[in-house]
Amino acid sequence: MTVSLYNLTVAFGITLAAGLATVLGSILVFFSKTPNPRMLSFGLAFAGGAMVYVSLTEIFTKAQEAFITAYGQSVGFAAATLAFLAGLALVALIDRLVPNPHGSLDPQDPQFAEHSRQHIARIGLMSALAITAHNFPEGLATFFATLENPAVGAPLALAIAIHNIPEGISIAAPVYFATRKKWWTVIACCISGLAEPLGAVLGYFLLKPFLSPPVFGAVFGLIAGAMVFLALDELLPAAKRYAKGHETVYGLTSGMAVIALSLVLFNW
């Protein structure tokens, strides 16, 4: 399956932009001592709704189409379903091996005052490492979705970029508290964000010799499962934790609605 240089460039550029949205989190920490919890809740839920909608309506459909092209209707549908379930299992395994911390994002939280800066620095480092590990599959998802169809990849990249901002805050808050150095804080967020384009590049070059409808089907099935798991396991519970009212359900439905309308416009 031939892929043009233009499509590669666009896919990598979109993946890079989504990853570097993590840096915005550090900037928000500099300008605000305490992130607005209601806005954070809405943003996390918005990203979760967008990711679930895109995964189930577009990316999983692409997996089905690719497998059906190769194997026919019945086998193709079964293969896409198995790939989706494998994506769920894969991210569940990653989450077991490298748990993603969900601590407080508030620098004024008592836990920050009770512990030394050295301890907080270790918390920030572990947060950065865990989030970086989780960013690899997100980068792969954005890259391959955009590579196959920018109309699918762009909304997914938007959803990932939105949820990368609070991830950046969760890295930046402890690092900045511990070091009081803005550059170190930005660098920590930047390294974590760059895991997404790095994951895209490594994934592409490892799979490049084998690109074919079954491979695309497997990749998109895995991506759909991975994105749904991340949304349900990380984004929505975190959104609910910071909610004061109905921000979670409003964000969830708004994310689905915005992505649905954007897909309509892309395909008009």
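**View A. Leu-198 and the nonpolar surface patch in the predicted model.** Leu-198 belongs to helix H7. In this predicted model, its relative accessibility is 42%, so Leu-198 counts as partly exposed; the class lies between the buried limit of under 20% and the exposed limit of over 50%. Together with Phe-136, Leu-202 and Leu-206, Leu-198 makes a nonpolar surface patch of about 380 Å². Helix H7, spanning residues 182-207, gives the most to the patch, with three residues.

**View B. The largest nonpolar core.** This core has 53 residues. Phe-144, Leu-156 and Met-227 are the members that touch the most other members. At least two residues each are supplied by helix H1 (5-31), helix H2 (37-71), helix H3 (73-97), helix H5 (117-148), helix H6 (150-179), H7, helix H8 (213-242) and helix H9 (247-266). H8 provides the largest share, 16 residues. Another core, of nine residues, lies apart from the largest one; Val-29, Ala-128, Ile-131 and Val-175 are among its members. In soluble globular proteins, nonpolar side chains tend to be buried together.

**View C. The aromatic pair Phe-60 and Phe-84.** Six aromatic pairs occur in the structure. In the pair shown here, the ring centres of Phe-60 and Phe-84 are 5.7 Å apart and the planes stand at 70°. Because plane angles over 60 degrees count as edge-to-face, the pair of Phe-60 and Phe-84 is assigned to that class. Phe-60 lies in helix H2 and Phe-84 in helix H3, 24 residues apart, and the pair links distant parts of the chain. Phe-60 has 15% relative accessibility and therefore counts as buried. Phe-84, at 15% relative accessibility, also counts as buried.

**View D. The aromatic pair Phe-67 and Tyr-71.** The ring centres of Phe-67 and Tyr-71 are 6.2 Å apart, with the planes at 20°, so the pair is stacked. The cut-off for stacked is under 30 degrees. Both residues are in helix H2, and because they are four residues apart, about one helical turn separates them. Phe-67 counts as buried because its relative accessibility is 6%, whereas Tyr-71 counts as partly exposed, at 46%.

**View E. An aromatic cluster.** Phe-143, Tyr-204 and Phe-205 form one aromatic cluster. A pair of aromatic rings is described by the distance of the centres and the angle of the planes.

Note on methods: Residues are numbered from 1 along each chain as its sequence is written. This is a predicted model: local features need pLDDT of at least 70, side-chain atom pairs count only at pLDDT 80 or more; totals for chains, interfaces and linings use all residues. Side-chain values use heavy atoms; hydrogens and water are left out. Patches are made of residues with over 30% relative accessible area and no salt bridge: like charges are joined within 9 Å, nonpolar side chains (Val, Leu, Ile, Met, Phe, Trp, Tyr) within 5 Å. Accessible areas come from the Shrake-Rupley method with a 1.4 Å probe; for residues, only the protein chains shown count as cover. A salt bridge is a side-chain nitrogen of Lys or Arg within 4 Å of a carboxyl oxygen of Asp or Glu. Buried means under 20% relative accessible area, exposed over 50%, partly exposed in between (1.4 Å probe, protein chains only). A nonpolar core is a set of buried Ala, Val, Leu, Ile, Met, Phe, Trp, Tyr and Cys residues joined through side-chain atoms within 4.5 Å. Rings of Phe, Tyr and Trp (its six-membered ring) pair if their centres lie within 6.5 Å; planes under 30 degrees apart count as stacked, over 60 as edge-to-face and the rest as tilted.
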